[in-house]
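Please open the structure in your viewer and keep the selection tool at hand.

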Amino acid sequence: MKTFDLKIVWTMLGYLLKAAVLMIFIFPFLWMISTSLQTFRETMTFPPTWIPASPQWGNFAEAMQAGPFLTYFRNSVVVTGSIIVLQFLIMIPAAYAFAKYKFPGKTLLFGMILLAFMIPGQVTFIPVYLMMADWGLVKTLLPQIIPFISNAFGIFLLRQYFMQIPEEIIEAARLDNASEFKIIRKIMIPMSKPALATIALFSFVSHWNDYFWPLVMTDSAAVRPLTLGIAMLRETEGISNWHIIMAGNVILVVPILLVYVFCSKHIVKAFVYSGIK
Amino acid sequence: MKSKWYTLLSVIMLFSLLAACGGGGTSSDPGEAPGSGGTEAPSGDKGKTTVQFWHSLGGKNGEYMDALIQRFNASHEDIEVIGTFQGSYDETVTKLQQAIASDTGPDVSMLERAYVQMFADSEVLEDLTPYLEGSGISVDDFTPGLMGHSTFNDQLVSLPLNRSTPILHVNKTLLDEQGLQIPTTWEELKEVANALVVKEGSEYKRYGVTMPYDTWYPIAMISQAGGTFFNDDNTSIGFGDNGAGAKMFTYLKDLQSTGALYYPPAQDSGNIVNSMFVEGKVGMMYQSTGSIGGLSSAVDFDYVTAFLPKDEVYANPTGGANVTMLSSSKNKEAAWEFIRWMEMEEEGGLEFILQSGYLPFTKKMVESEKIQELWAKEPNRKVAYDQLEFATDTNKDVAWPEIMHEFFSAMEAIMYDSKDIPATLDTFKKETERILAQ
């Protein structure tokens with residue numbers, strides 16, 4: 001009887017803990033959404049209100065009108081989309097080679113890739129900028145794309161995944177005269193969908209949200225992404241209109257949530273599979 | 001399966017195509033280096049000189065700046081100014097350093113006043129003196145209190161633009177309830193602030209005065225107590241040995257101990273003190289003039305501004321940014337025309353000042369009917385201008401940005417951790433001397 005009670009206590013504690021952790025993660029989101037629907041006067045109240053007295057949907061329109069938001073949005077989509085597509089083009093063959101081929105210098109090359117993903121962008125931005133300026137690219141979207149088409153973390157993760165795919169399947173395909181290209185297409189990609197979805201999501205979130213890199217690489221509104229457009233809503237001095245800024249942030253975050261909903265099934269799978277093996 | 005693969009390929013090509021034309025298609029500058037534009041501009045605008053202008057204004061002020069640029073372009077057929085927001089003041093500085101090094105800098109840039117010396121010292125700013133003379137403008141045409149960061153090595157390297165200053169914001173309703181007068185000295189401030197404190201149990205329900213976590217306010221108080229931030233020959237601090245620094249911090253700690261001063265946490269301190277002031281949780285606030293517009297529309301009490309209280313003298317630093325021309329600019333005549341128009345013409349800077357609430361920076365502006373009307377309607381704004389008579393900027397040195405971080409550490413040690421004041425200031429002094437000697 002006593003052990004039974006203890007079990008319930010533990011389960012309850014577990015739920016409480018989960019609820020607490022959930023609150024920590026969800027709290028800023030709720031606050032953001034709440035603020036995005038308040039009036040200026042209401043954002044200044046202390047302690048802050050949770051439910052806006054009368055939801056101000058106009059805040060979103062006002063945020064959108066503050067700049068060329070369609071251009072920002074298009075730039076964000078193009079940059080993030082191009083990065084992900086190009087990353088996959090490079091990452092999949094690279095990971096395949098590292099996982100299934102034997103060639104001289106393999107360990108050294110792989111080590112260099114691992115090193116690449118340990119260097120923060122802030123260290124390399126000046127040389128990269130100078131290079132891009134030399135090539136005359138600073139007025140285009142390319143400086144936001146080119147440096148990221150090789151995804152070291154992705155190559156690493158995908159290689160681990162590819163290594164788990166049995167050699168026999170590949171051998172069998174080779175016996176059937178399948179080209180390496182076909183093996184990648186018909187075997188490796190379909191069997192590693194969860195890993196690909198995970199990498200795509202991580203890559204999407206980090207580049208969609210990137211502020212620093214686009215700021216230093218671009219000089220005009222025409223090539224800037226949404227993050228910079230939203231940063232521009234903030235006053236340099238004086239009192240910021242938090243309700244407008246938060247409306248902008250909601251607009252920024254919605255695509256991430258959509259992509260997450262779209263990818264989440266595969267991501268959960270990725271972790272379940274790697275757990276079994 | 002096959003069709004899927006082709007879809008993927010076409011998506012890739014589409015993205016690459018978009019990426020490639022995204023920049024060139026929409027940007028009106030065909031050349032890779034800004035400033036080289038205009039040589040062969042595409043479609044229509046024949047022979048227009050393009051002037052790149054970088055600024056740090058977001059939000060409403062950013063919109064006012066965009067409107068200013070549009071007014072300029074509409075009134076100038078042969079020049080097109082392209083204004084670009086480059087992040088905060090600090091981020092703009094980082095961008096400028098990187099752009100100047102790679103020769104992709106703008107023609108004209110906004111520069112936070114405390115950074116002017118750093119760039120002037122690197123000799124990348126154009127001396128504006130001949131341009132002023134050519135346009136028949138004298139340095140005396142500008143508001144004297146705002147020229148403290150403009151001249152270096154006898155060169156006029158920047159002109160005031162969006163300038164602010166700290167002032168005292170007062171909840172007059174609260175003061176009136178208790179029959180208190182707006183304080184004009186440190187002594188009066190102490191009395192009034194203490195009288196405003198409401199304490200229930202061990203919890204403060206209301207404080208007397210507050211200020212954001214910033215070096216600006218301690219620097220103001222150092223000058224008020226008869227000190228300077230750097231000494232005359234910039235080898236050390238000018239508030240150590242004469243006791244001004246110790247006096248100022250002792251005064252603040254004394255206020256803090258009775259709840260007369262609420263010193264906010266470092267993170268987001270400006271927003272915290274603003275909302276406390278609006279909510280009547282604090283009676284008075286040291287804060288930038290830049291907040292007047294926002295506060296006026298947010299408060300529901302009698303809100304007035306006043307000079308920062310004096311100790312030995314009235315004194316206040318200035319803030320905000322100047323405008324400067326880069327010596328690497330290839331369109332200096334056009335760049336100067338933009339600066340001249342912005343500084344001197346009525347539809348240029350004056351309109352921007354009226355909208356934004358920054359300080360009028362020329363004497364002509366101050367005398368203009370529009371400013372006089374505004375001041376008659378909003379006396380709070382006039383106070384800030386009047387206080388400029390006592391403006392003094394004593395934190396001028398190339399090493400200021402570096403020393404600023406050390407000063408923040410000293411402020412934190414004293415205001416948050418109640419460390420010994422003389423010992424902390426001594427450490428700060430030594431550190432400053434070390435940095436200045438480099």
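Which kind of link joins the side chains of B:Lys332 and B:Glu126? Select both: their side chains meet in a salt bridge (3.4 Å, N to O), a term for a side-chain nitrogen of Lys or Arg within 4 Å of a carboxyl oxygen of Asp or Glu. This is a predicted model, in which local features need pLDDT of at least 70 and side-chain atom pairs count only at pLDDT 80 or more, while totals for chains, interfaces and linings use all residues. Residues are numbered from 1 along each chain as its sequence is written, chains are lettered from A and ligands numbered from 1 in the order in which they are written, and side-chain values use heavy atoms, with hydrogens and water left out.

At 23% relative accessibility, B:Lys332 counts as partly exposed, whereas B:Glu126, at 15%, counts as buried. Buried means under 20% relative accessible area, exposed over 50%, and partly exposed in between (1.4 Å probe, protein chains only).

Next, select B:Asp393 and B:Arg113, whose side chains meet in a salt bridge (3.8 Å, N to O). Both B:Asp393 and B:Arg113 are buried.

Then move to B:Asp311 and B:Lys247, a salt bridge with its closest N and O atoms 2.6 Å apart. B:Asp311 is partly exposed at 21% relative accessibility, and B:Lys247 is partly exposed at 36%.

Now display both chains and select A:Arg41, B:Glu279 and B:Asp300, which are linked in a network of salt bridges. A search of the whole structure finds 22 salt bridges over all chains.
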